[in-house]
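I opened the notebook to look up a few things in one structure. The entries below record what I looked for and what I found.

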Amino acid sequence: MLGQLDFSIVGPGLPFIWIGLLFSLKLTLVAMSGGIVLGTLLALARTSSKVAASRAAAAYVNTVRSIPLLMVILWFFFLIPLFTGAPMGAENSALITFTAFEAAYYSEIVRAGLNSVPQPQRFAAAALGLTKIQALAHVVLPQAFRNMLPVLLTQTIVLFQDTSLVYAIGAKDLLKAAEITGKNYNRPVEMYLFVALIYFSICFCLSTLVKCLQKRIAIIR
Amino acid sequence: MSMIEIRNVSKWYGQFQVLADCSTQVSKGEVVVVCGPSGSGKSTLIKCVNGLEPFQKGDVVVDEISVGAAKTDLPKLRARVGMVFQHFELFPHMSVIENLTIAQTKVLGRARDEARERGIKLLDRVGLKAHAAKFPGELSGGQQQRVAIARALAMDPICMLFDEPTSALDPEMVNEVLDVMVELAREGMTMMVVTHEMGFARKVAHRVIFMDTGRVVEEAGADTFFGAPTSRRAQQFLASLKH
Amino acid sequence: MNYHWNWGVYLEQVSSGDERYLDWIVSALGWTVAVSMTAWVIALLLGGVVGTLRTAPNRWLVIAGNAWVEFFRNVPLLVQLFIWFFVVPEFLPAELSRWVKQDMPAKEFFTATICLGLFTSARVAEQVRSGIQSLPRGQKMAGLAMGFTLAQTYRYVILPMAFRIVIPPLTSEFMNIIKNSAVAFAIGLMELTFISRQMIEESGQVFESLLAATILYTVCAFAANRVMAFIEARARVPGYIAGAK
């Protein structure tokens with residue numbers, strides 16, 4: 001069988017696969033930036049002294065984290081049209097779903113990062129006359145983000161891999177594009193192997209980068 | 001007859017030399033204290049004696065068995081050499097008595113009851129018989145180190161190695177451990193002790209070895225060493241301890 | 001919002017046969033539990049071995065262990081599943097290949113189980129390695145100093161403590177494996193996600209269909225959490241505080 005592998009279809013299939021990869025990357029970047037912003041807000045709400053805010057944030061984070069991503073994808077895909085009254089494309093639905101889903105995971109990372117900043121740092125900021133918001137913006141968050149940068153990136157690698165799950169609602173990402181190409185040229189085996197190689201190359205490079213970063217941050221401390 | 005013989009041992013970590021041509025010996029029944037500033041290589045040297053730290057040059061001979069030789073059965077040799085560590089290193093998931101019996105049964109092949117009996121006897125000797133069923137985490141540092149000594153003795157060692165046995169202890173617990181060691185020395189146990197406790201050295205050491213930057217700088221009888229150390233580094237070291 | 005609620009849908013007959021939707025859901029729950037549990041056993045055994053070998057004083061074992069972990073961690077689970085299902089059978093010897101493709105019973109179940117088990121084994125291996133390496137170095141020395149061989153030192157000293165240290169991270173891996181088992185729908189295993197999609201298609205009751213599957217996933221994950229918490233409590237060492245040295 002090995003001898004019968006024919007990767008010559010990869011060439012003509014590339015433009016189509018490229019479009020799929022671009023969507024996977026777009027989904028990753030949107031969900032990452034949106035997820036980190038929303039996640040930070042959730043983390044701040046959770047650590048705030050306002051009980052209602054903290055409870056609501058905790059409930060959201062714990063609920064989302066206890067459900068398989070695939071189920072969340074289906075929930076959003078079927079429920080959003082019920083509210084808006086109009087069907088929504090799989091791609092847009094995926095963008096919203098992943099942002100909302102990843103926010104829960106990022107918020108746990110940010111919360112750990114906030115906790116990693118020693119309490120006396122806040123006292124020191126307060127003693128200098130900074131307001132709570134100023135202390136957060138100039139003292140606590142910068143330190144927290146430096147500490148959690150490797151974990152944030154690792155989560156983003158996981159997120160990139162998870163984007164393949166939009167398969168369930170038929171959005172055309174990297175995996176779906178490869179599958180369609182494989183069917184069109186009747187070479188599914190080669191296309192699955194090829195797409196695995198792309199995912200592996202990207203994720204392996206990124207995770208090696210994270211390891212280097214971890215070492216550098218460890219030295220700075 | 002020498003029990004431990006260290007012959008021209010050198011050791012490198014990559015480019016960095018931690019031991020340089022170290023030689024000494026410990027006779028049967030002798031108590032030798034190894035001292036020196038931190039980073040002098042004394043802890044590394046004592047770990048070479050039972051092969052816990054490999055070395056690149058020279059050899060260590062314990063009871064006429066070469067530690068460096070490839071064909072030496074190191075586990076068998078180590079079973080006959082007792083060792084006490086700075087951080088006790090009791091096994092946290094085993095009760096005190098299990099800590100004392102595990103190697104007796106698994107390494108020496110003793111029957112469980114026999115091992116237990118021996119363990120209880122030794123716990124009694126270090127004054128901790130009542131704590132046999134407790135776990136290490138429930139004992140104080142001084143108590144843990146006494147258990148560690150009993151654990152090593154349970155193997156009926158031909159000699160004992162102590163690697164800074166009191167330096168991780170709170171000051172008020174140092175003496176309860178030293179007392180056990182003094183008693184052991186007086187009974188004629190062959191001992192090699194890395195320590196800063198010069199009071200202990202004065203009381204029981206036959207000889208003192210002073211190390212600095214990976215070398216044996218001075219080696220003398222205890223009286224001579226404390227009375228009139230010859231090297232400048234040893235003089236400085238002793239002076240620094242007095243403050 | 002214009003939605004027609006129908007909580008009685010679970011007891012209605014499916015349009016394609018004489019079963020009720022409830023029967024579908026119960027059997028789907030069975031598949032989800034079966035895949036997750038079997039894969040978890042595989043993951044624990046393989047992950048334990050690979051993770052331990054990654055701490056061995058042998059360069060080749062370490063490299064092999066690292067390669068194992070990198071390979072399974074850097075390809076999406078769904079892609080791995082397709083490779084096990086569509087690609088691997090092509091590379092088997094002719095006879096076996098034909099049997100797998102045509103006659104193998106419960107093919108979807110076995111494929112999903114192996115895939116999920118190996119995928120999770122890499123994550124377990126990572127936890128086991130870091131658990132072992134978080135133990136103080138002196139513990140290994142103390143074991144060796146008492147005359148234990150390296151194997152005995154692992155058996156009596158290192159692994160029992162490492163096991164206790166990795167229970168909390170393994171708890172979340174156990175919950176993850178249940179959530180991750182949802183991907184098996186993609187190769188047609190009739191587990192919870194597959195059945196909830198099927199139920200939406202046949203009954204049109206989106207909300208009720210998704211809710212049933214979601215609640216059951218959550219219940220399973222919670223049960224897994226309780227089981228691990230029970231083991232953690234049983235394995236607790238008196239006086240030992242995790243992380244303290």
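**Ground rules.** The model is predicted, so I noted that local features need pLDDT of at least 70 and side-chain atom pairs count only at pLDDT 80 or more, while totals for chains, interfaces and linings use all residues. Residues are numbered from 1 along each chain as its sequence is written, chains are lettered from A and ligands numbered from 1 in the order in which they are written, and side-chain values use heavy atoms, with hydrogens and water left out.

**Entry 1, chain A.** I looked up the secondary structure, where helices (H or I, at least four residues) and strands (E, at least two) are DSSP runs numbered from the N terminus. Chain A has 8 helices and 0 strands, and its elements read α-α-α-α-α-α-α-α from the N terminus on. I then took the box around the C-alpha atoms of chain A, which is roughly 70 × 50 × 25 Å along the principal axes.

Next I looked up burial, where buried means under 20% relative accessible area, exposed over 50%, and partly exposed in between (1.4 Å probe, protein chains only). Of the 221 residues in chain A, 47% are buried. For contacts I used heavy atoms within 4.5 Å. Counting contacts in chain A between residues at least 6 apart in sequence, I found that 78% join residues at least 24 apart.

The accessible surface of chain A is about 10,900 Å², and carbon and sulfur atoms hold 69% of that surface. Such areas come from the Shrake-Rupley method with a 1.4 Å probe; for residues, only the protein chains shown count as cover.

For charges, Lys and Arg count as positive and Asp and Glu as negative, with His and the chain ends not counted. Each charge is placed at NZ of Lys, CZ of Arg, CG of Asp or CD of Glu. Chain A carries 17 positive and 8 negative side chains, and the centres of the two sets are 18 Å apart.

I repeated the look-up for chain C and found 9 helices and 0 strands. The C-alpha atoms of chain C fill a box of roughly 70 × 50 × 30 Å along the principal axes. Of its 245 residues, 49% are buried. Among contacts in chain C between residues at least 6 apart in sequence, 73% join residues at least 24 apart. The accessible surface of chain C is about 11,300 Å², with 65% belonging to carbon and sulfur atoms. Chain C has 19 positive and 16 negative side chains, and the two centres lie 22 Å apart.

Which chains have the most contacts among the 2 pairs that touch? I found that they are chains A and C. Chains A and B do not touch, and their nearest C-alpha atoms are 21 Å apart.

Rolling a probe the size of a water molecule over the atoms shows where empty space is left. On a 1 Å grid over the protein atoms alone, a cavity is a set of points where a 1.4 Å probe fits but cannot get out, and lining residues have an atom within 4 Å of a point. Points are joined across faces, edges and corners, and a volume is the space filled by probe spheres set on the points.

I counted 3 cavities of 30 Å³ or more. The largest cavity holds about 90 Å³. Its lining includes Arg78(B), Phe85(B), Met155(B) and Met146(C). The elements giving two or more residues to this lining are helix H2 (74-80), strand S6 (81-84) and helix H5 (141-153) of chain B, together with helix H6 (137-145) of chain C. S6(B) gives the most, with 3 residues.

Phe88(B) is not a glycine, yet its phi is positive, about 65 degrees. I placed Phe88(B) in the loop between S6 and helix H3 (96-106) of chain B. Is Phe88(B) buried or exposed? Phe88(B) counts as buried because its relative accessibility is 11%.

Glu89(B) is not a glycine either, and its phi is about 55 degrees. Glu89(B) sits in the loop between S6 and H3 of chain B, and it is buried, with a relative accessible area of 8%.

Gln155(A) is in helix H6 (residues 132-162) of chain A and is buried at 14% relative accessible area. Leaving out residues up to four places away in sequence, Gln155(A) touches Glu102(A), Tyr105(A), Tyr106(A) and Ile109(A).

Ala58(A) lies in helix H2 (residues 51-66) of chain A and is buried, with a relative accessible area of 16%. Ala58(A) and Ala112(A) are 54 residues apart along the chain, and their C-alpha atoms are separated by 14 Å.

Conventions:
1 Å grid on protein atoms, 1.4 Å probe; cavity = no way out; pocket = protein on both sides within 12 Å on 5 of 7 lines; lining within 4 Å.
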